[in-house]
Amino acid sequence: MGKRLKIKWWYPLALAVLLAIVALAQRSAAVATEAETVPPTLIIDAGHGGADGGAVAADGTLESDINLDIALRLEALARFWGLEPVMTRTGPDIDYPADVGSIAAKKVADQHARVGLINNTPGAVLLSIHQNNYPAAAPKGIQVFYGEKPGSDALAKLTQDNLTAQVCPANRRVASPIDRGVYLMKNVNCTAVLVECGFLSNPDELKNLQSGPYRLKLAAVLLASYLQYIRGTST
Ligand SMILES: [Zn+2]
């Protein structure tokens with residue numbers, strides 16, 4: 001009579017535990033692979049719009065219009081590069097839900113819709129475009145703010161350095177964490193930066209921001225910074 005494998009009582013139990021561990025390991029490996037292979041998607045957010053003009057310059061120039069123009073130039077450059085960016089808006093108007101009346105309620109509905117769009121985009125990397133404003137005319141300069149999710153500070157520092165070097169070398173502002181009260185930046189679950197491209201309250205910067213070539217330059221540096229960032233994270 002040959003040797004006979006003796007099945008001890010704990011064999012099935014050990015096998016079940018092993019299978020469970022292997023299954024869990026495979027599942028986490030699959031999740032890790034998926035996270036690594038989701039390609040980044042650039043989301044371009046032109047701040048404000050519709051009922052919300054944002055800051056207003058002394059000559060009546062609306063922040064929302066400057067934000068949109070920079071965003072559209074950035075979109076065009078990104079498409080030329082072969083990317084397929086997602087825009088949170090592509091025109092001055094915004095479609096609000098029919099039951100929303102007041103301007104405050106419209107702003108809330110719009111911010112909720114933007115967060116929904118961004119959080120439903122796999123691999124999202126958000127560039128939110130804004131202009132600064134101050135009661136006095138003196139403050140000026142570009143400043144990049146970052147959200148709390150991984151990669152945000154790195155992208156912000158890169159973008160700040162590039163904008164300072166290429167657009168305003170005298171700038172002393174540094175990349176900083178975003179104020180927690182900024183709803184969009186607080187509620188998106190992706191790498192996110194908000195760029196204050198200049199002060200509408202500073203006459204020199206307002207003049208610059210009203211120039212198409214200047215806005216194109218801003219857009220080009222923003223795209224270059226994004227490309228630099230995603231290359232760094234994919235290697
Ligand atoms: Zn703004």
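In which strand is the place of Ile 129? Ile 129 sits in strand E3. Helices here are DSSP runs of H or I with at least four residues, strands are E runs of at least two, and both are numbered from the N terminus. Residues are numbered from 1 along each chain as its sequence is written. This is a predicted model: local features need pLDDT of at least 70, side-chain atom pairs count only at pLDDT 80 or more, and totals for chains, interfaces and linings use all residues.

Start with the surroundings of Ile 129. A residue is buried if 20 or more other C-beta atoms lie within 10 Å of its own, exposed if 12 or fewer, and partly exposed in between, with C-beta atoms placed from the backbone. Ile 129 counts as buried because it has 26 C-beta neighbours inside 10 Å. Contact means that the C-beta atoms of two residues, placed from the backbone, lie within 7 Å. Leaving out residues up to four places away in sequence, Ile 129 touches Asp 45, Ala 46, Gly 47, Asn 67, Ile 70, Ala 71, Val 195 and Cys 197. Take Ile 70: 59 residues separate it from Ile 129 in sequence, and 7.7 Å in space, C-alpha to C-alpha.

Now the sheet. Two strands pair if DSSP finds at least two bridges between them. Six strands form an open sheet in the order E2-E1-E3-E6-E4-E5, with mixed pairing. Its edge strands are E2 (86-87) and E5 (176-177), each pairing on one side only. E1 (residues 41-46) and E3 (residues 124-132) are parallel over six bridges. Ala 46 stands opposite Ile 129 of E3. E3 and E6 are also parallel, over seven bridges. Leu 127 has Val 193 as its bridge partner in E6. E4 and E6 pair in the antiparallel sense over four bridges. There, Phe 145 has Leu 194 of E6 as its bridge partner. Eight of the nine residues of E6 are buried.

Next, the core. A nonpolar core is a set of buried Ala, Val, Leu, Ile, Met, Phe, Trp, Tyr and Cys residues joined through C-beta atoms within 7 Å. The largest one has 48 residues, of which Leu 126, Leu 127, Val 193 and Leu 222 touch the most other members. Helix H7 (residues 212-234) supplies the largest share, eight residues. Beyond four places in sequence, the contacts of Leu 127 include Leu 42, Ile 44, Val 193, Leu 222 and Tyr 226.

H4 (residues 152-166) lies across E4 (143-146) and E6 (191-199), and runs at about 175 degrees to E4. Axes are lines fitted to C-alpha atoms, for helices over the stretch in contact, and angles run from 0 to 180 degrees between N-to-C directions. The buried residues of H4 are Ser 152, Leu 155, Ala 156, Thr 159, Gln 160, Leu 163 and Thr 164. They cover an arc of only 155 degrees around the axis, so they lie on the same side of H4. The arc is that of the directions from the helix axis to the C-beta atoms.

In H3, Asp 110, Arg 114 and Ile 118 are buried. Their arc is only 65 degrees, which puts them on the same side of H3. Ala 104, Gly 116 and Asn 119 are exposed on the other side. The cover over the buried residues of H3 includes E1, E3 and helix H5 (183-187).
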